[in-house]
Each structure stands twice: as structure tokens, then as C-alpha cells.
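Hello,

Here is the structure I said I would pass on. My notes on it follow below.

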Amino acid sequence: MLGDVPLWATVLQFLTAGLVGGFCVLQWVWWRGALRSEASTWSLALSVTMGALLLVGGLHGVSESPAARELLAFGHAQLLGALLLVALPAAHVFGGRGPRLRPWVVAVGAVLVARALLWFLPADRVPGLSGGRAGAVALLFVALAVVVGYVVAALGRAHLTRLGWMVVTAGSTSSAMLVAGVLLPGRPVGALLASLWPLPLALGLESLAFVRVRRAQRTAQRRELMRDALAAVTNSAWFHRDADALLLQARDAARRVLDDPSVEASLRPLQRDRFVADLFPDAPERLAAHDRTFLVDLALVVSTAAERYALGDRLERAAVTDPLTRLPNRRAADTHLVEVLERAAVERTRVAVVYCDIDGFKDVNDRAGHAAGDELLRRTADLLRGWVDDDTYVARLAGDEFAVVVSRAPDDDALGGLAHRLRTEFAAHVGTSNGPRLTCGVAAWDPTDVVDADALLRHADAAMLEAKRTSSGHRVFDPTMRARADDRRRVRTALERAVAEDRITAYFQPIVDTRTLEVVGLEALARWQEGDAVVLPEHWIEIAEETGLIVPIGRSMARQSRRALDRHQMPVAVNLSARELHEPDVLERLDEAWAGGPWEHLTVEITESTMLRTTTAVPVLSELRARGARIALDDFGTGYSSLARLARLPVDVLKIDRSFVRELRTPRGVGAVRAIVALAEHHGLDVVAEGVESAGDLQVLVELGVPRAQGNFVGRPAAGLPVRGARPQPRSTEPLRTTGEQRRVEARGARTVPRPLRVVHGGDDATPEHL
């Protein structure tokens, strides 16, 4: 099919082959890129085949060797067949709706294989044909007809663009030139057409490839812009809290990337704080698939951010709002009070806090149930909410406690009137004639004071507690209460320092036998050593309980009592507070402080009210009693013990409160002590009387059968206790009665105590003398 052609035709073939080769490189880059598609694969295959075909044709024109020309002619014929074969899937991909591809490929492949075989057959072996090459030419026309038929079928139903029609025209021109070149063998025009027929198709294909590569580049650039725009909107979603502003940013980004000013956006709320966002142009059907995905991604970022904003707002409201009353909670009140005080410090105005507490709230819960208590709190909140204006702020602090913050407060008299009106309206609209009442404490801040929101709340709380104590209904925090609060704060600071410096010392008061005055035990009493003075517990024990300092103080008392046991060889009693019993590691701490000492020489004293009101008291004390320690019920008779309950408590000793001992000269006091002694004998308990201050008290206690006593008359508390051996018992003396302890020792035969010692009325430097 190839023949001799002019030099310019050969040069034109080489130039076209180079052009096609360059486009092959571009298409290869496109094929390797992120936008690889089936169209790019077959477009590259067509270009490679077309370039090879032109290159072989050019080499045939410049070759002078017959053998080489023959080989190049065969290669050209096979490349032509390969081009026809590749054209089938390319047309299928570009057409999009072509017939089933496989039968056509099989048919064309079979024809081309037969054509390749016929190329080598001599003329006399092919009946009816002038030679093998003539048969190959015939088969070429068959393959060409099949390919043209498939292309027409594939592209006939496709919507072709102008570029598509150009490629179809170029292909038709190339096909016509090929047919003319084959039908005009031996003529210069036929040879020229046979060598130059690929040029129109090559130019058309490369024009199509160029357009597609440019389109792919623009698509890749647009996708990069989409990624950047999506990242920018996503970042803004994290740093902003306005969903509408974020929606506008997403809309502007979509308009800029898609180059479509008709893009609009909407954000619609759904139920349960859900949102749906939409981004849409005027003609959505014209959007490419990746453009639609981009709009969907932007809308999803906006809707998700809007839901997160709504959830964050709800959580913030929940964090600063009381769920029952919908009032601001303690955290919100603290923040608001700080802001109000800072603003008032600049404006030089007063700020006041009205601290309100519902008296009888627990009774409502106990009598009518928690639902009634919740309803009472809601009604109280509704009442206080009616007082809210530009200068007031109402919050629920905790439980049944509320606060009204007045940002521009009047004088103290007007504030007292405000508290009185609150109580009056509460009684009229919330409480009943015999139901709960509102108690109010008022504290004001002046511009000359230090900005301290916590102190202002504490002062208002202190005023409310004072109003409760005096049953006055409301109280304004005055200079007297301020001085008391300052003293309390100073005591607390000094107490914290004393605890840190280990200046809480154990003083030991002897517990004596009432008949012989022999010391049978010691009680450790905490004393605060402040310089040369000693601060008694009544001045600081309440503060220690409130602040939790009583816990390290109690551990220190236990450690010092353990050392006293070794020093004095006598049983020791240690007080255990309610705050200590609430500690989860109370047993471990007591183990550590007692340092492996004999538990049978330790008595743990606990008040009657603590025993009954602390849920952890009975298990802890039962464990201590199981180890061998004795449990004493302090201040007995002042609490709420019943006979049935006393039998179930882990108790070994009853300590008669000093209030009964002070009334021993009256029938009422004698009757109370006699009843306690009888109760103790009935339950097998020991009895100790506290607060013995005179010989007359001691004489009455002996007559009533109280075996042991303690008080200033029989021994004052001291840091060191001088003792010596017990004095001999007169032979003529008989014991008045057998004590409960003696009965238990005789019955058990296992628990022993150190030998009783007697106090020597001398200096503190005396040392114990062992018998």
C-alpha cells in the first residue's frame, strides 16, 4: 500500500508524528493524574498508534533498502489494523451508548489476524485472488467497514459537539484518503494518499486530546479551588459561632469556584436542634458531578456546624442554668456577681445580695414527698423571677437557697425593706399559714471595699443564718457581724497555720474510779498552742469542722494518744468527729496513727448525734470494735437514742453529759443519772460521768452507782500527766458494787487493761512509777 512519495510528504509525516508524540506525553500525564478516566486511556492508545503509524510511514519514505521497505510496509499494515481495533473501544467510550462491544472486537480481530496471515501467502496459494497482499487489502476493507459501522452505531445516538463533529469529519476524510490510496495503486496520487491519509485523523484526534487535556487541567484546578474553599469554610466553622454568617461564606465560595453568581443558599431548622442546608444554582442540571458533590459538601459543613452551635449553646445554658427552676445556677451567679462588682467599682455604685432560704423545706419533702418540694422550689423561682429588672438578677444557688443580686443597691434600710417584701409576698403566694417561710440575709458592697464576690456571698449567707438563729425573718449584714466574720476569718487563717506547724497539742484528762480516785484511763483533748497561751476548742472546733481541718487534727490526736499509751501505760480515749467518719480512708488513717498498738487500750468516743445521723458511723465503729477497741457514746442523754436503737449500736461505754451532772442537786438531775445507770446495767455497758466540779457531785455519783468520772475536780487536762502506783486497799473496805467492766472481764476472761494508777497532786514533771 505504501509507495514512493515526495520528500515534502515524508517530512510532513515526520512532523505530524512528532506533534502526535508530544500530545502523547501530555495525555500520558493526564492519564497518570488524579482525574484518570477510561476516555483518557483509549485516547492515549489512539494517539500512540497514530504516532507510530506516521513514524513508520515516514521511515518507509526515506528507506532505500528493499528488505527494510518491505518490513516497514508490513509494520505499517499491522499498525493500521491495530488502529482499527483500538477505534472500537474508543468509539464505545466517546459515544457512551454504543452497541455491545465484544462481538465487534472479536469480528475485527479475526479479520485482522487473517489479514496478517494472508500477507505472507504467495499468489498461487490463494484461489481467486491475485496474491496474498491483495487478499490482505480485501480483508482490510472488511475490517474498515466493520469499524465504520460500529462508529456510526455508537456515535449516531450521541449528542456531538462541534469538536466531535470535527473529529468525525477528520476520520471520514482519513478513511476516504485511505480507500483512494488503496484503490489507486502504482499511481503517484495513490501513494501520496496512502502515506498522508492519517494526517486529518491525527489532527482531529490531537485537537480532541488537547481540548480534553485542557478541560482536565481546568477540572483539576477547580477541584483544588473546591478543596481550598471547603477547607476555609470548615476552619471558619470551628472559629465562628454564627451559622448564618457561615452560610453566606459558603455561598460566596461556591459562586467564586463555580463562577456562577446565581448560586443561592438556605438553612432550615428541623426538630431537636437539627438543621439542613442547601446550595443551589438557577440551572442545577448543568452542573457536573464533582460540582454537585462540592455544593453538597459545603452544605453538610454548614448544617453540621449549625447543629454543633445549637448543641454548644444548649450545653452552655445547661452549665449555667438550674434544670428544675430554669434560673441561673451558682456558677452563673458567681460570674455575674464578679462582672457587676467590677462595673460598680468603675461607676462607684453599691451592689447588694439578698440571700434567701426556705425554712421548712425539708419538712415539705418529708411530709408531702420530693415532688411537692420540687413544686415549692419552682413556685419560689417564679416569685423571685417577677422581681427581675435591669438592676436585679435572680439565681438558685443550691438546694432551697436563692440569691437576688441588686446591681445599683439603695441604702441598708431600703434593702431591709426589700427583704421584708420578699418574705411577705412569699407568705402570700407560695407558703401557707403554717407552711414554709422565707428567711433573707442581706449584704451590701460599697465602692470603698475590696472587690470580692465570694466574701459578699458569705456575708449575705451569714446574715441569713443570723436571721434564722434569731427568728427575725431577715437581717442586714452590719458592722457587728462584719467584725465577727473578720474574727472568724482570722481564726481560720491562724488555725490553718497552727495545723500546718503541728501546734495542736493533746492534753490528757484523767478518768478516775469514783470510790478510790485511782486513774483508770485518759481522754485526749485537743488544745491549740498559740505562743504561751492555750486556745480552748470551743473557740475553734466549729471552724475546724466546717473547713475539714478537723481531719488532720484528729489524726494528730490519735498519734499523740498512741505515744501517751507508751508513756503512761494507761488506756486512752480519742474523740472521732462526724467529718472524720465521712472520710473513705478513716480506718486506714487510724491504723497508721495507732501504729500497731494494742487496740484493747483504745477507746473511740463519738457523740450521740453523730452516731445516729452519720450513715458510715456504725460500719466503721463495728470494725474498730471487732479489732478490740472500745466505743464510747459521748454526751449521752442529749440526743435521740431509744432503748431499742441503743441495743443495736456498737457501744461499750455511756458518758453522762455534764448538763446532767450540774443538776445532781435536783430531783430532775438525780432521776436522769439514775435512769442512765440502770440503762447501762441492763445493756452491760460501762458509765462515765463528765464535768465533775465538786466533792458533792462526786459523792452523789458514788451513791447513784456511777463507777467512773472525769472533771476538773478529779483531774484537769494537762500535756503531761504525773502518776504513781495505786495505793493499797484497806482490808476492811468492801466495794460498793461490781461495775459493768468488771462483770465483762470476769465473763470473758480474755480482755485485760493496764493496772490502775493514781494521780499524784504534784508538778507536771513527775514520772509514772510502776508497781
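Which residues are buried in α15? They are A453, A455, L456, L457, H459, A460, A463, M464, E466 and A467, where buried means under 20% relative accessible area with a 1.4 Å probe and protein chains only. This is a predicted model, in which local features need pLDDT of at least 70, side-chain atom pairs count only at pLDDT 80 or more, and totals for chains, interfaces and linings use all residues. Residues are numbered from 1 along each chain as its sequence is written, and side-chain values use heavy atoms, with hydrogens and water left out.

Helix α15 covers residues 453-470; helices are DSSP runs of H or I with at least four residues, strands are E runs of at least two, and both are numbered from the N terminus. Among the elements covering the buried residues of α15 are α11 (330-347), β3 (351-359) and α16 (479-500), with contact meaning heavy atoms within 4.5 Å. At the start of α15, the backbone nitrogen of D454 has a side-chain oxygen of D452 within 3.3 Å. After α15 comes S471, with a positive phi near 55°.

In helix α13 (residues 370-385), the buried residues are G373, L376, L377, T380, A381, L383 and L384. They lie on the same side of α13, because they cover an arc of only 160° around the axis, taken from the directions from the helix axis to the C-beta atoms. Their cover includes β3, α12 (361-368), β4, β5 (401-406) and α14 (412-429).

Regards

Definitions and conventions: Expected span 1.5 Å × (residues − 1). Buried < 20%, exposed > 50% of the residue type's maximum accessible area, 1.4 Å probe, protein only. Polar contact = N/O pair within 3.5 Å; in protein donor to acceptor, adjacent residues only side chain to side chain.
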